[in-house]
Every structure is written in C-alpha cells, then in structure tokens.
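Let's take a walk through a protein together, from its overall outline down to a few single residues. Have a look at the picture first, then read on.

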Amino acid sequence: MNAEDRVIVALDVPDERSAIELVERLEQVSFWKVGLELFTSTGPKILELLKSRQKRIFLDLKFHDIPNTVAGACRAASRYGVDLLTIHATSGKEALKAATEAVQVGASSAGVKPPKLIAITLLTSISSRQLAFDLKIPLELPEYVLEMLLMAQETGLDGVVCSPQEVAQLRQTCEKDFLLVCPGVRPTWAAAKDQARSLTPAQAIAAGADYLVIGRPITESDNPELAWKKICEELAAIS
Ligand SMILES: O=c1ccn([C@@H]2O[C@H](COP(=O)(O)O)[C@@H](O)[C@H]2O)c(=O)[nH]1
C-alpha cells in the first residue's frame with residue numbers, strides 16, 4: 001500500500017455541499033471518514049456520493065449502547081457497503097459480540113462486503129489526568145487501552161482505534177492483520193486543538209499504525225491541497 005493510502009481524511013463538515021467541495025478539491029484522497037456531524041446532517045446520501053466517486057469509507061458513528069441496540073445499528077450500517085465501522089469498547093463484551101455477528105448479517109442481507117468493525121479503546125482527546133480524575137478509571141492509561149484491545153480481540157473485532165502514542169505497545173500484543181487505526185495525528189506545523197495524545201504522521205506510521213485519521217490539519221487549512229501534499233511527502237520520506 002502507498003503511504004498516502006494509509007491516510008483517512010476526516011470529512012468533518014456541516015453539510016453535503018461543503019463535503020463534496022472538499023472531496024473534489026482533494027481528488028487524490030482515496031479514503032474518507034464520515035462521522036457524527038456529517039452523517040447526522042446528510043444521512044446515507046453522503047455515502048452514495050462517495051461511493052459513486054470510488055472512495056473508501058470509514059463510517060465513524062462510534063456506537064455505544066446495549067447489545068440489542070448496537071447490533072441493530074451495526075446491521076443497518078453494514079448494509080451501506082462501507083469499509084470501516086466503529087463501536088465503543090466500553091459498550092462491553094456482550095455488545096461487542098453482538099455487533100460482530102450483526103455486521104455479517106447486515107452485509108450479507110445487502111449482498112455487500114462486511115465492514116471491518118473496530119473498537120474505540122479510549123478517545124484520543126482524553127489525557128491520563130482526565131482518565132484518572134474525571135472518568136475515575138483506576139488504571140494507568142496504557143494498561144486501560146490494552147485491556148480494551150484485549151476485549152476487542154476476544155470478541156472477534158477486526159481492530160481498534162487508539163492514539164499513536166499507544167500503537168507501538170499494542171502492536172506487540174496483536175497479530176499483523178489486527179487493525180490499529182489512529183486519530184490524534186498532528187504534523188509539527190499543525191495545532192493540537194482538543195487532541196491530547198498525538199504524534200506526527202511519520203512517527204505514527206513508524207510506531208506501527210495501519211491507518212492515520214487526519215482532519216483539521218487538512219480540512220481547516222487555508223490550502224488543504226498543500227497540507228495533504230506535505231503529509232504525503234512526510235510519509236514518503238520514511239517508506
Ligand atoms: O479517539 C478518537 C476517535 C475518533 N476520532 C475522530 O478522528 C477525527 C480526528 O480529527 P482531527 O481534526 O484530526 O482532530 C475526528 O473526526 C474525530 O471524531 C478522534 O479524534 N479520536
């Protein structure tokens with residue numbers, strides 16, 4: 001895979017028009033992430049628009065609910081023929097198992113390939129301090145993230161979302177084909193904003209990430225084409 005095929009750009013915009021404008025500007029981007037804002041605004045139409053342009057799609061709806069409800073949501077989402085789909089690991093083992101089965105059922109009922117189902121371990125906006133003091137989790141952050149990964153592995157998921165800071169440690173615990181997808185990626189020239197556990201694109205890939213999710217450093221740049229080009233050049237330099 002080319003280095004640039006490992007970059008998923010987060011299409012965090014408010015409506016269909018802004019989304020299409022960006023997709024047309026960044027013609028070379030082959031993998032787009034549709035998240036809560038855009039999907040809530042446009043519904044599944046945005047997925048059809050991306051598919052008609054032969055783009056791969058990460059549908060990042062971060063399901064978090066009881067087993068029966070996440071299973072229903074995963075069945076429905078898997079009918080769209082997307083490539084990646086997310087659920088929170090904190091939904092629990094029963095919900096993760098139910099979701100794993102549901103993606104197969106949903107995809108086969110629509111005659112499409114099932115999405116890779118990946119679990120959010122710990123949002124990349126959460127720091128060690130917040131984990132301890134706000135969420136009251138009595139584990140060190142790397143240990144907590146590892147526990148979430150082990151639960152995802154045990155319940156048959158295809159991978160996890162984690163911060164680039166945990167990737168090297170997690171890679172040692174999982175098979176090569178278990179996906180490690182990293183948001184919280186920041187080139188040296190971009191502001192961290194609300195991301196608490198970041199590394200640069202080159203550092204994240206070198207640490208073992210399969211995919212990087214990058215949004216605002218590209219989409220909020222005055223020159224998104226140049227931002228994309230700089231990230232691709234940074235990755236090409238290490239491959
Ligand atoms: O732990 C997580 C899970 C998902 N995200 C999503 O990734 C992008 C990151 O966007 P930036 O603009 O590069 O910060 C965004 O859509 C999040 O919803 C995450 O950041 N952390």
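This is a predicted model: local features need pLDDT of at least 70, side-chain atom pairs count only at pLDDT 80 or more; totals for chains, interfaces and linings use all residues.

Residues are numbered from 1 along each chain as its sequence is written, and side-chain values use heavy atoms, leaving out hydrogens and water.

The protein has eleven helices and eight strands; these are DSSP runs numbered from the N terminus, with helices (H or I) of at least four residues and strands (E) of at least two. Along its principal axes, the C-alpha trace spans about 45 × 40 × 30 Å. Buried means under 20% relative accessible area, exposed means over 50%, and partly exposed is in between (1.4 Å probe, protein chains only).

Now for the inside. In soluble globular proteins, nonpolar side chains tend to be buried together. Here the largest nonpolar core holds 69 residues, and Leu11, Trp32, Val34, Ile46 and Leu59 touch the most other members. Such a core is a set of buried Ala, Val, Leu, Ile, Met, Phe, Trp, Tyr and Cys residues joined through side-chain atoms within 4.5 Å. Helix H7 (residues 141–154) gives this core its largest share, seven residues. A second, separate core has twelve residues, including Phe31, Leu84, Leu179 and Tyr211.

Zoom in on Leu11: leaving out residues up to four places away in sequence, Leu11 touches Ala19, Leu22, Val23, Trp32, Lys33, Leu38 and Leu50. A touch, or contact, means heavy atoms within 4.5 Å.

What about the ligand? An N or O atom in the side chain of Lys33 is 2.8 Å from an oxygen atom of the ligand. For Gln195, a side-chain N or O atom is also 2.8 Å from a ligand oxygen.

Finally, Ala3 sits in the segment before strand S1 (7–10). Is Ala3 buried or partly exposed? Ala3 is partly exposed, because its relative accessible area is 21%. Beyond its neighbours within four places in sequence, Ala3 is in contact with Leu235, Ala236 and Ser239.

Note on methods:
A polar contact is a pair of N or O atoms within 3.5 Å; within protein, one must be able to donate a hydrogen and the other to accept it, and residues adjacent in sequence count only if both atoms are side-chain atoms.
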